[in-house]
Amino acid sequence: MTEYNFAYLDEQTKRMIRRAILKGLAVPGYQVPFASREMPMPYGWGTGGVQVSAATLVPEDRFKVIDQGADDTTNAVSIRKFFERTAGVETTEHTAEASVIQTRHRIPETPLSEDQILVYQVPIPEPLRFLEPRETETRKMHSLEEYGLMHVKLYEDISQHGAIATSYAYPVKVEGRYVMDPSPIPKFDNPKLSDCPAIQLFGAGREQRIYALPPYTRVVSLDFEDYPFEASKADHACDLCGAGDSYLDEVITDDQGGRIFVCSDTDYCRGRREAGHVGTQAQDAPMMTEARA
Amino acid sequence: MYVAVKGGERAIDNAHAWLAEERRGDLSVAELSVAQIREQLSLAVNRVMVEGSLYDPDLAALAIKQARGDLIEAIFLIRAYRTTLPRFGASRPVDTAQMACDRRISATFKDAPGGQVLGPTFDYTHRLLDFKLAAEGAAPEAPSAAPQDGPVPHITGFLNREGLIQTEAASDDTPPDLTREPMELPAERPLRLQALSRGDEGFVLSLAYSTQRGYARNHAFVGELRIGAVAVEMDIPELGFAIEIGEITLTECETVNQFKGSKTEPPQFTRGYGLVFGQTERKAISMALVDRALRWKELGEDNQGAPAQDEEFVLMHCDNIQATGFLEHIKLPHYVDFQSELELVRKLRREAQDGAGAAPVQEAAE
């Protein structure tokens, strides 16, 4: 693929994206419009994240891609391959060894460090979108810091269901100013957004928005004093590695109601098993089978 | 014993190989050439050029072949390729009054200078399957005549002489480019026209149809529809003048719309405008109707709350590459969000069993 520039995008476009990223870092949680390009993968499949990664990567980087916490899901494989071909950067599955991590729907379990950048793929960057469909209105609401509608929504949840019925893409407030959509991560991950040593960048390609959290930004999940935010996960330990503190996927194992719970973060789970941790279902047979075409 | 499924690279590679085999189809049937598609499926090629925003019949034909005839997929291929092209500059505005017309009709005047020219149209064909085409036959031949001499002035120009139609203000401003700048709303008319021109044909058609059925009806007549070749000229700074760099085929539609006048405008006819690559007249007419509907604010008309009047609704949803990408992304894994929903529903059900309560409703997966 020598006919394309390093990391696919031309330098002019990367400069434009970097300007948006810098503006985003300067105004944490503010959605910066940017002239998103048409990428060779579909909108909605990570084009925002891919453009942010392309503008962020340098040849010395080591790149990791996860989707739903896993390195081996099809779209993560596809995006990793894209940058292997167009940027020739080294790639890794180990969270701790990566300098840039592109993610969809999860924050890795392994705590991030100051020399890392986490790039989120964002489908709908506007936290107020499903309360007010018009962009012209929601931009006004942000500039006036008019977030009453969101509080009313959370309150109505409580009055109807006795709890806040939002379990992912749970809205947060950044440094006491902007209400932000953390992308559809489970609310279990929300506490990791705050005070994080790594740079967190959010890219929404189709919606043409970039926003950012500089290191050690204060990020608070919206709640009420008497209904405080609660990070939740399945009430189990991982059946493969025994971890009790990681976010779990539920896997159906037979048609008799059988199911097990496994870490959604595949690197975390493998690391624990390599270190000798064992869950109830982990036996010595091969860990993985290949999906069929 | 649980064995986790790994969505390996090999699965993707095999899927791609299978796709390539399916694309070729039965090997005992001759392979389609790109030239055959370009020449014999030219209306499909035109649509791909219009919505792909790239005038290149050979590349559009290649994209159609690669996409197995899925035109939205072909448009996507062209758009992604277009992103990588350097931009040398901008042409001068093309002059459609100088068009070498293959087709030129007006629904508002029986005859006018330049005449009515039907051209290669389906309009009066009887839609009966022609089984002769199933067999290979001799090349059809159409009678020919000498091209008409003289200019083919725009029909709306005649109305303009009497002041009966609203005059469009001329402007030398550089129009915005929605492929280079993020869409900002409210949008000026040049940006709206740009978005409509590359918008999905089906979406724009349905919106136009909705205005005809009363959702912001604007009484459109096809003042003129013309199809033909125009010269593309570009200023070359080193030369100090413009030279012709090529020729493209365009379809242009101007509608003449009834208008009773408003607080700010006298009673007069108004216009809707459509301009697209190639012979793509359904799209050009649709575009003109939607353009007119979107002009309600500028003309001081009432907002009837109709979809075709809603600029944000139209512009944010007319792009089929954005739409299909986001629609189809729900095929991607959503285990994580779904798991969090599972936990929530179980929790709420537990609580509901203790007291009264209802299952929660949340937006569809993202």
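Helices, of at least four residues, and strands, of at least two, are DSSP runs numbered from the N terminus. The views below show a predicted model.

**View 1. Overview of chain B.** The secondary structure of chain B comprises 12 helices and five strands. Along the principal axes, its C-alpha atoms fill a box of roughly 85 × 65 × 55 Å. Chain B has 366 residues, of which 33% count as buried. Among contacts in chain B with a separation of 6 or more, 64% link residues 24 or more positions apart.

**View 2. The open sheet of chain B has four strands.** The strand order is β2-β3-β4-β5, and the pairing is antiparallel. The edges are taken by β2 (100-105) and β5 (270-277) of chain B; each has a single partner strand, so one side of each lacks a neighbour in the sheet. On average, neighbouring strands of this sheet are turned by 25 degrees against each other, direction ignored.

**View 3. Strands β3 and β4 of chain B with helix α9.** Strand β3 (residues 220-236) of chain B runs antiparallel to β4 (residues 241-257) of chain B, and 16 bridges join the two. In this pair, B:Asp235 stands opposite B:Ala242 of β4(B). Helix α9 (residues 281-294) of chain B packs on the sheet and touches β3, β4 and β5 of chain B. The direction of helix α9 makes about 145 degrees with that of β5(B).

**View 4. A three-stranded open sheet in chain A.** The order here is β7-β6-β10, and the pairing is antiparallel. Strands β7 (178-180) and β10 (219-221) of chain A stand at the edges; each has a single partner strand, so one side of each is left without a neighbour in the sheet. Neighbouring strands of this sheet are turned by 30 degrees against each other on average, direction ignored. Three bridges pair β6 (residues 172-174) of chain A with β7(A) in the antiparallel sense. A:Val174 stands opposite A:Tyr178 of β7(A).

**View 5. The hairpin of β11 and β12 in chain A.** Strands β11 (residues 248-252) and β12 (residues 259-263) of chain A pair in the antiparallel sense over five bridges. Within this pair, A:Glu250 stands opposite A:Phe261 of β12(A). Six residues lie between the strands of the hairpin, and A:Gly257 takes a positive phi near 85 degrees. In a regular strand, side chains alternate between the two faces of the sheet.

Key. Residues numbered from 1 in each chain as written. Chains lettered and ligands numbered in written order. Predicted model: local features only at pLDDT ≥ 70, side-chain atom pairs only at ≥ 80, totals over all residues. Pairing = 2+ DSSP bridges. Axes fitted to C-alpha atoms, helices over the stretch in contact; angles between N-to-C directions. Contact = placed C-beta atoms within 7 Å. Buried ≥ 20, exposed ≤ 12 C-beta atoms within 10 Å, placed from the backbone.
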